[in-house]
Amino acid sequence: MSLVNDVNQIGRAMKGMAMMLHPETSPSPGSLSSLRTSLFARSNAASLYNQYNVPSKIYFFKAMSLNGFSNSDIALALTESNNAGQVGNGLRRLTDINASAFSDGIFFLTAQKQKLTELITAQRRATGASTRRARTSTIAPTRTTTTRTTTPRAASTSRAEGLVRDVPFTNTIGVEVEFMGPSWEEVRNALRKKGLSAEIEGYNHQTRRYWKIVSDVSVQGPNRGEVVSPVLKGKQGLVELRKALMAFQEVGMKVNQSAGLHVHFGASGFTLKQWKNTILNYAGFEPIIDQMMQPTRRRNENFYARSLNKIPNLKEKVENATTFRELQINVFRNLRYLYINLEAYDRHGTIEFRQHASNIEVDSVINWVLFLHYLIEVSKRKVLSRFTFDNLENFTPKPLSSWIHNRIYDMSNKSYTFNYNQERDNS
């Protein structure tokens with residue numbers, strides 16, 4: 001019997017959990033902490049497990065989602081850390097259960113929903129969290145599997161495609177994809193088949209009007225190299241990037257732990273305040289960004305992309321800088337191999353982000369670009385006061401924060417091993 005058809009089992013578990021919130025229930029939970037304690041205790045009762053060993057507390061969080069509670073609300077109900085990634089680990093055990101499997105009787109009564117809302121509001125006040133609901137939409141979409149494969153998803157299912165159409169993306173960007181596997185001629189021809197101009201060149205740092213394939217000594221493997229895009233502008237630039245990524249997939253391009261993905265954003269209009277804010281916001285979100293990355297791209301695991309927080313007294317030094325040149329020399333000490341590279345401005349007029357591992361999957365690359373876009377946009381105004389997933393949701397659109405949520409889940413459930421002759425990492 002599948003989970004989807006096990007409606008009666010779900011119903012019994014859900015009604016038991018919902019009753020705990022009813023104002024007339026004795027004893028009634030006086031706080032989220034006591035509610036969690038009771039939920040976790042009940043979840044250990046064998047009668048509240050179904051044949052797939054899914055605790056009833058997870059059904060409860062699923063029902064919160066279906067009743068319109070936001071990701072951050074569900075996170076508070078599960079843990080005081082507000083870490084939405086932890087919620088995903090539980091909810092994705094219900095991959096085969098959709099809303100149609102929940103009968104009307106499972107949805108919270110008005111009094112129950114009001115009680116839970118009161119508990120969440122009280123918890124936010126107690127912890128100093130924002131009292132504003134981040135969103136009223138449900139938890140991030142579940143995946144159809146709980147492990148990653150090396151086969152890219154079909155392009156038509158890419159959530160990034162919808163974002164490309166919907167977001168007001170006007171930036172100029174440049175992308176560098178380090179690779180190995182197919183010959184350079186095969187890569188060039190694959191790009192041309194997609195209608196993109198492409199040439200093979202010797203190693204250089206010149207910006208071209210076409211996609212160029214050049215050498216890269218940091219990559220390990222046969223036919224190693226790097227594909228460098230021309231300046232890509234706005235939404236049309238993202239469309240061109242998508243075509244290139246599809247070409248890379250079709251030609252059998254491979255990447256491994258030695259290869260990086262570098263993204264440049266045009267920075268000629270940056271003020272000193274925006275430079276500072278972008279650096280501090282990225283550094284603040286590093287713990288969450290690290291969870292989005294392969295283990296080899298976290299903290300200081302990669303020589304060519306190292307943490308901003310390795311700089312002693314980073315915040316103080318950034319705030320005290322009076323010119324962009326001071327940021328380069330006194331703070332970054334003209335180091336290229338950090339998550340953010342300020343030297344790129346002297347050569348290309350850009351800010352370069354170096355942390356991401358090389359990747360040829362449309363969703364992963366375009367959503368990473370869009371995350372950086374929104375980080376840069378919010379940095380025009382301020383340095384954020386809190387660097388939580390809840391706050392990240394406040395400046396990114398829902399499809400993007402859902403992708404980040406899923407990405408963190410995937411990274412926590414995959415052991416990365418690399419074979420230079422066959423591994424293609426499409427995380």
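In the predicted model, pLDDT (the predictor's confidence in each residue, from 0 to 100) remains under 50 across residues 130-158, for which there are 86 contacts beyond four places in sequence. Contact here means heavy atoms within 4.5 Å. The average pLDDT of the protein is 76, and 65% of the residues score at least 70. Because the model is predicted, local features need pLDDT of at least 70 and side-chain atom pairs count only at pLDDT 80 or more, whereas totals for chains, interfaces and linings use all residues. Residues are numbered from 1 along each chain as its sequence is written, and side-chain values use heavy atoms, with hydrogens and water left out.

The protein contains 16 helices and eight strands. These elements are DSSP runs numbered from the N terminus, with helices (H or I) of at least four residues and strands (E) of at least two. Of the 427 residues, 55% count as buried; buried means under 20% relative accessible area, exposed over 50%, and partly exposed in between, with a 1.4 Å probe and protein chains only. Among contacts with a separation of 6 or more, 75% are between residues 24 or more positions apart.

Helix H9 (residues 234-250) packs against helix H14 (residues 362-379), their axes coming within 10 Å and crossing at roughly 150°. Axes are lines fitted to C-alpha atoms, for helices over the stretch in contact, and angles run from 0 to 180 degrees between N-to-C directions. H9 and H14 are therefore roughly antiparallel to each other; angles under 35 degrees count as roughly parallel, over 145 as roughly antiparallel, 65 to 115 as roughly perpendicular and the rest as oblique. The crossing of H9 past H14 is right-handed, a crossing being left-handed if the near helix is turned anticlockwise from the far one by less than a right angle, and right-handed if clockwise. On the H9 side the contact involves Leu-238, Leu-241, Arg-242, Leu-245, Met-246 and Gln-249, which meet Val-362, Val-365, Ile-366, Val-369 and Leu-370 in H14. Nine of the residues in this contact are nonpolar, one is polar and one is charged. In this grouping Ala, Val, Leu, Ile, Met, Phe, Trp, Tyr, Cys and Pro count as nonpolar, Asp, Glu, Lys and Arg as charged, and the others, Gly among them, as polar.

H9 also packs with helix H8 (residues 184-193), at an angle of about 135° and with the axes 9 Å apart. That angle makes H8 oblique to H9. H8 passes H9 in a right-handed crossing. Val-187, Ala-190 and Leu-191 of H8 make the contact with Ala-244, Ala-247 and Phe-248 of H9. The residues of this contact comprise six nonpolar, no polar and no charged.

Ala-244, in H9, counts as buried because its relative accessibility is 0%. Beyond four places in sequence, Ala-244 touches Leu-191, Leu-196 and Trp-211.

Gln-274 lies in helix H10 (residues 272-292) and is buried, at 7% relative accessibility. Not counting residues up to four places away, Gln-274 touches Gly-269, Ile-376, Ser-379 and Lys-380. Asp-346, in helix H13 (residues 343-348), is exposed, with a relative accessible area of 53%. Apart from neighbours within four places in sequence, Asp-346 is in contact with Arg-325 and Gln-328.
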